[in-house]
Amino acid sequence: MKKVSPIDFMRAAVAEARRGVSRGEGGPFGAVVVKDGVIIARGRNRVVASNDPTAHAEIVALRRAAKKLGRFHLSDCEVYMTCEPCPMCLAALQWARIRRYHYGCTRHDAARLGFADKAIYNGLAGKRGRGLPRAIPLLRDSCQEVFEAWRNKKDKTRY
C-alpha cells in the first residue's frame with residue numbers, strides 16, 4: 001500500500017478547487033482536513049453556489065470535519081488548502097485549534113485575481129481604510145449584562 005504524503009493531501013485540495021471552479025460554485029479554493037493520515041473532510045469555495053459569504057473552502061471543510069468527529073476542537077487534525085487563509089478562515093483555524101496548516105498560493109496571488117482581503121488585513125493592523133464596514137458601538141451596558149450572565153454560569157461549555 002502506498003504511503004499517503006502531504007503532496008497527496010494538497011493534490012486533493014487542488015482537486016476540490018478545480019471541481020468548484022468547473023461547476024461555477026465560487027473561487028479557486030479547496031481544502032481538506034486530515035486526521036491520522038486520512039482525509040476526513042473536504043471543502044471547496046461555495047460562496048456563489050450557496051449565496052453564503054462565509055462558505056469558503058476552509059470553513060466548509062472545518063464544518064464537515066467537526067460534524068463527522070462530533071466535536072468543535074480539531075487539534076489532532078491538519079488542513080491542506082490551495083491558498084493562504086483569509087482572516088476569517090485563519091480565525092476559524094484558530095477557533096478549531098488547528099495546530100498546522102499547509103497552503104499553496106499566497107494572499108497576494110489571490111489579490112491579483114480580485115479577492116480583496118487587503119482591507120481586512122489593514123483593519124486588523126489598525127489602519128482604517130475603504131472597504132471595511134463602519135463600526136458603531138451601541139447598548140454596551142445591556143450587552144455587558146449578558147456577558148456577566150455567561151461569566152457566572154456554572155454549567156457553561158468553554159470553547
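Helices (H or I, at least four residues) and strands (E, at least two) are DSSP runs, numbered from the N terminus. The model is predicted: local features need pLDDT of at least 70, side-chain atom pairs count only at pLDDT 80 or more, and totals for chains, interfaces and linings use all residues. Residues are numbered from 1 along each chain as its sequence is written, and side-chain values use heavy atoms, with hydrogens and water left out.

**Exercise 1.** State how many helices and strands the protein chain has, and their order.

Step 1. The protein chain contains 7 helices and 4 strands.
Step 2. Read from the N terminus, their order is α-β-β-α-α-β-α-β-α-α-α.
Step 3. The C-alpha trace spans about 60 × 40 × 25 Å along its principal axes.

**Exercise 2.** Identify the largest nonpolar core and the elements that give two or more residues to it.

Step 1. A nonpolar core is a set of buried Ala, Val, Leu, Ile, Met, Phe, Trp, Tyr and Cys residues joined through side-chain atoms within 4.5 Å; buried means under 20% relative accessible area, exposed over 50%, partly exposed in between (1.4 Å probe, protein chains only).
Step 2. The largest such core has 22 residues, and V33, L62, L74, V79 and I98 have the most contacts inside it.
Step 3. Two or more residues each come from β1 (30–35), β2 (38–44), α3 (57–69), β3 (77–83) and α4 (87–95).
Step 4. The most, 5 residues, come from α3.
Step 5. A second, separate core has 7 residues, including F9, A12, A13 and V32.

**Exercise 3.** Describe how α3 and α4 pack.

Step 1. Axes are lines fitted to C-alpha atoms, for helices over the stretch in contact (heavy atoms within 4.5 Å), and angles run from 0 to 180 degrees between N-to-C directions.
Step 2. The angle between α3 and α4 is about 25°, and their axes are 9 Å apart.
Step 3. The two helices α3 and α4 are therefore roughly parallel to each other (angles under 35 degrees; over 145 is roughly antiparallel, 65 to 115 roughly perpendicular and the rest oblique).
Step 4. The contact is made by E58, I59 and L62 of α3 together with M88, C89, A92 and L93 of α4.

**Exercise 4.** Is E25 buried or exposed, and which residues does E25 contact?

Step 1. E25 lies in the loop between α1 (6–23) and β1.
Step 2. Its relative accessibility is 8%, so E25 counts as buried.
Step 3. Leaving aside neighbours within four places in sequence, E25 is in contact with G20, R44, N45, R46, V47, V48 and A49.
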